[in-house]
Amino acid sequence: MDISFELFDIDNKDHITMGYKWLCDSSINYLYNPQFDDKDFSPPSYDKYYKIMERRVSQNRNSYIIKIADKIVGECDIDYSFDMLLKNDEPTAWISLVIGESTARGLGVGEKTILFLENCAKSRNIMRIELGVFEFNNIAIGLYEKLGYKKFGVVEDFIYLNGIKKSDYRYEKYLNK
């Protein structure tokens, strides 16, 4: 399978449009844009979403579009100065990913994406990765554990899902050079 990663381009309408599509998709928007309060979610306008993404790409992080062949199927990030780390005792990168297109799930895209992000971290001499996964996301938990990530903490009552508070599990992995 031809999986590739392309640096997110704020001026590429396809990049913005796909992300906005996933944000508006009720089957995954709780993963793409978690709710930190119990208000009903309504997606921001397209213009506001563009501004959010504009700020995001100007920070100390790299965002990538995930493609199978030439079709955009997801996006991932590696953040080198994430301000919500639970453990910040050495240089650490925070990673996140979303496979927005349901047809791309279960094909190994997540695993290849994690390995890609690990290599990005290594290229900057960062040997620890931290990530968060919501307590109900059993598929992602299985993937991270399969790839050697260890659960080391829990942020209780981190988000709301359907009016119920849910926890965020924190995982880490120390990378080999």
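Asn-162 is exposed, with a relative accessible area of 75%. Exposed means over 50% relative accessible area, buried under 20%, and partly exposed in between (1.4 Å probe, protein chains only). Asn-162 sits in the loop between S6 and strand S7 (164–174). Its phi is near 55 degrees, a positive value in a residue other than glycine. Strands (E, at least two residues) and helices (H or I, at least four) are DSSP runs, numbered from the N terminus.

This is a predicted model, in which local features need pLDDT of at least 70 and side-chain atom pairs count only at pLDDT 80 or more, while totals for chains, interfaces and linings use all residues. Residues are numbered from 1 along each chain as its sequence is written, and side-chain values use heavy atoms, with hydrogens and water left out.

Asp-157 belongs to strand S6 (residues 150–161). Asp-157 also has a positive phi, near 50 degrees, and is a residue other than glycine. Its relative accessible area is 46%, so Asp-157 is partly exposed.

## Helix H1 and its packing on H3

H1 (residues 13–24) has twelve residues, which should span 16 Å at 1.5 Å a residue. The expected span is 1.5 Å times one less than the number of residues. The end C-alpha atoms of H1 are 16 Å apart, which agrees. Buried in H1 are His-15, Ile-16, Met-18, Gly-19, Tyr-20, Trp-22 and Leu-23. These buried residues pack against several elements, including strand S1 (3–7), helix H2 (29–32) and H3.

Two packed helices are described by the angle between their axes and the distance between the axes. The axes of H1 and helix H3 (residues 46–57) come within 10 Å and cross at roughly 110 degrees. Axes are lines fitted to C-alpha atoms, for helices over the stretch in contact; angles run from 0 to 180 degrees between N-to-C directions. H1 and H3 are therefore roughly perpendicular. That term covers 65 to 115 degrees; under 35 is roughly parallel, over 145 roughly antiparallel, and the rest oblique. The crossing of H1 with H3 is right-handed. Right-handed means the near helix is turned clockwise from the far one by less than a right angle, and left-handed means anticlockwise.

On the H1 side, the contact is made by Lys-13, Ile-16, Thr-17, Gly-19, Tyr-20 and Leu-23. H3 brings Tyr-46, Tyr-49, Tyr-50 and Met-53. Contact means heavy atoms within 4.5 Å. By class, there are seven nonpolar, two polar and one charged residues. Ala, Val, Leu, Ile, Met, Phe, Trp, Tyr, Cys and Pro count as nonpolar, Asp, Glu, Lys and Arg as charged, and the others, Gly among them, as polar.

H4 (residues 109–123) has 15 residues. From first C-alpha to last it reaches 21 Å, close to the 21 Å expected. Its buried residues include Val-109, Ile-114, Leu-117 and Glu-118. Just after H4, Asn-125 takes a positive phi of about 60 degrees.

H4 and H5 pack at an angle of about 50 degrees, with axes 11 Å apart. The pair is therefore oblique. The crossing is right-handed. Gly-110, Glu-111 and Ile-114 of H4 meet Leu-143, Tyr-144 and Lys-146 of H5. This contact has three nonpolar, one polar and two charged residues.

## Glu-135

Glu-135 lies in the loop between strand S5 (128–134) and helix H5 (138–146). It counts as partly exposed, at 27% relative accessibility. Neighbours within four places in sequence aside, Glu-135 contacts Ile-141, Lys-166, Ser-167 and Tyr-169. Glu-135 and Glu-156 are 21 residues apart in sequence and 9.7 Å apart in space, C-alpha to C-alpha.
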